[in-house]
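Visitor: I would like to understand how the words used for a structure follow from its values. Could you take me through some of them, one at a time?

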Amino acid sequence: MEAAAAPGREAPARTASQPSGCGKHNSPERKVYMDYNATTPLEPEVIQAVTEAMWEAWGNPSSPYPAGRKAKDTIKAARESLAKMIGGKPQDIIFTSGGTESNNLVIQSVVKHFHVNQTSKGDTGVHHSPVEGAKPHLITSSVEHDSIRLPLEHLAEQQAAEVTFVPVSKASGRAEVDDILAAVRPTTRLVSIMLANNETGVIMPVPEISQRIKALNQERAAAGLPPILVHTDAAQALGKRRVDVEDLGVDFLTIVGHKFYGPRIGALYARGLGGCTLLYPMLFGGGQEQNFRPGTENTPMIAGLGKAAELVTQNWEAYEAHMRDIRDYLEERLEAEFGQKRIHLNSQFPGTERLPNTCNFSIRGPRLQGRMVLAQCQVLMASVGAACHSDHGDQPSPVLLNSGVPFDVARNALRLSVGRSTTRAEVDLVVQDLKQAVAQLEDQA
């Protein structure tokens, strides 16, 4: 029995440009989009919110006249919606251009704070830098998004910071808590671990990491050492599962709108913003967003982001249940059509929780590299992994290799991520499309 579409999304006939495709199943234009981890379409309610803001809230939010006040109120309401979605406080939310800016802002702020305190007048160095000339130390995992990995690598190359990339367990696909704690040094200032991996869907043990770091911070305080802050990039988790900053225990959380059917802007949650959790702006200007992110606010996109957050708060349980049903059906159909010995489910690790929508798999065979299979597909729109790694050619995903997937298997990987409106009928189309693609490639051998 086919799963019903999740609430909050209408089901009229779609145009050819929309992700799930249109027309009859045998139409050459028929396409099925299964790359929702890369980006999502805007919900109709989001488009409506953006449009209304363009018409009614076009004024400068810092201006006193009606259009300006309307813009300011719109931004305030969106901030409250985002805070409610993650269980935080509105005053701890700042709007950014997206996840990359949010992640960079956290990293740069932590490094800046270390150096500012190290050089403060009257600072003996005992509290802020146990070793003279020390650099701030940051910890992350070996499977993070490029917007975490690259700025950290850059800081290390510039000798502005020291970085430890903790390998994920090949048994669980997770960055394990004990391994992260083992990497801590007296100069450690930040632990940044994504909430869910964008390629495997593996959920990282962020609450446990935060709890252990909190306990460690008490010991550090007694030893005269400053606390370690915890950041999580929640881009892939939002809209697919419950996300609550109190449960997670994090100091920073990155929000990315286009991953949960919102516009391509983002936000950053910073616990106790301006107080116990310090930020340093990367830009300087008019003082908007409490001086942490200056520039006249993009009111229409902020309105859309707020509406997308509101829909998540209302419907996340239904979204999660629907996506899990479709993803599980997809994996059942793949194993039924190709055989369990031929299908390797790269995102399944025993005992490890994963996102409800993500299926990373390989079809075993010497000529069945992921890119070659996709090139033969007529229906399926998907990817071999993260969009930010699209220029890696035929090299296997580093995330899969780091997670213990064998080279020859990882080279054949495809990442299919389903959405709120994906149907079982579309899964059937995709599986048949993959069968014909594999048959064509094997006939060419």
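Predicted model: local features only at pLDDT ≥ 70, side-chain atom pairs only at ≥ 80, totals over all residues.

Visitor: What makes β10 and β12 a pair of strands?

Guide: Two strands pair if at least two bridges are found between them. β10 and β12 are joined over five bridges, in the antiparallel sense, and they therefore meet that requirement.

Visitor: In what order do the strands of this sheet stand, and why are β9 and β12 called its edges?

Guide: The sheet is open and has three strands in the order β9-β10-β12, with antiparallel pairing. β9 and β12 each have a single partner strand, so one side of each is left without a neighbour in the sheet, and for this reason they stand at the edges. From one strand to the next, the twist averages 30°.

Visitor: Which helix packs on the sheet?

Guide: Helix α8, residues 299-338, packs there and touches β9, β10 and β12, while its direction makes about 10° with that of β10.

Visitor: Why is Gln348 called partly exposed?

Guide: Its relative accessible area is 39%. Because buried means under 20% and exposed means over 50%, a value in between is called partly exposed, and Gln348 is therefore placed in that class.

Visitor: Where is Gln348, and what is it in contact with?

Guide: Gln348 lies in the loop between β9 (343-345) and β10 (358-363). Leaving aside neighbours within four places in sequence, Gln348 is in contact with Glu331 and Arg354. The C-alpha atoms of Gln348 and Phe361, which are 13 residues apart along the chain, are separated by 9.1 Å.

Visitor: How do you know that the side chains of Gln348 and Glu331 make a polar contact?

Guide: The distance given for this pair of side chains is 3.0 Å, and the cut-off for a polar contact between N or O atoms is 3.5 Å. The value is within the cut-off, and the pair is therefore counted as a polar contact.

Visitor: Why is Arg420 called buried?

Guide: Arg420 has 2% relative accessibility, and buried means under 20%, so Arg420 counts as buried. Arg420 is found in the loop between β12 (413-417) and α12 (424-443), and its side chain makes a polar contact with the side chain of Glu43 at 2.8 Å.

Visitor: Why is strand β8 said to be largely enclosed by the rest of the structure?

Guide: Five of the five residues of β8, residues 266-270, are buried, so the strand is described in that way. Gly266, Leu268 and Ala270 are buried on one side, and Ala267 and Tyr269 are buried on the other, which leaves both faces of β8 covered.

Visitor: Which strands are joined to β8 by bridges?

Guide: Strand β2, residues 93-96, runs antiparallel to β8 and is joined to β8 by four bridges; within this pairing, Ile93 has Tyr269 as its bridge partner. Strand β7, residues 252-256, also runs antiparallel to β8, with five bridges, and here the partner of Phe252 is Ala270.

Visitor: How do helices α3 and α4 pack?

Guide: Helix α3 (residues 99-118) and helix α4 (residues 146-157) pack at an angle of about 30°, with their axes 9 Å apart, and the crossing is right-handed. By class, their contact has six nonpolar, five polar and no charged residues.

Definitions and conventions:
Residues numbered from 1 in each chain as written. Heavy atoms only, no water. Buried < 20%, exposed > 50% of the residue type's maximum accessible area, 1.4 Å probe, protein only. Helix = DSSP H or I, 4+ residues; strand = E, 2+ residues; numbered from the N terminus. Contact = heavy atoms within 4.5 Å. Polar contact = N/O pair within 3.5 Å; in protein donor to acceptor, adjacent residues only side chain to side chain. Axes fitted to C-alpha atoms, helices over the stretch in contact; angles between N-to-C directions. Left-handed = near helix turned anticlockwise from the far one by under 90°. Nonpolar A, V, L, I, M, F, W, Y, C, P; charged D, E, K, R; others polar.
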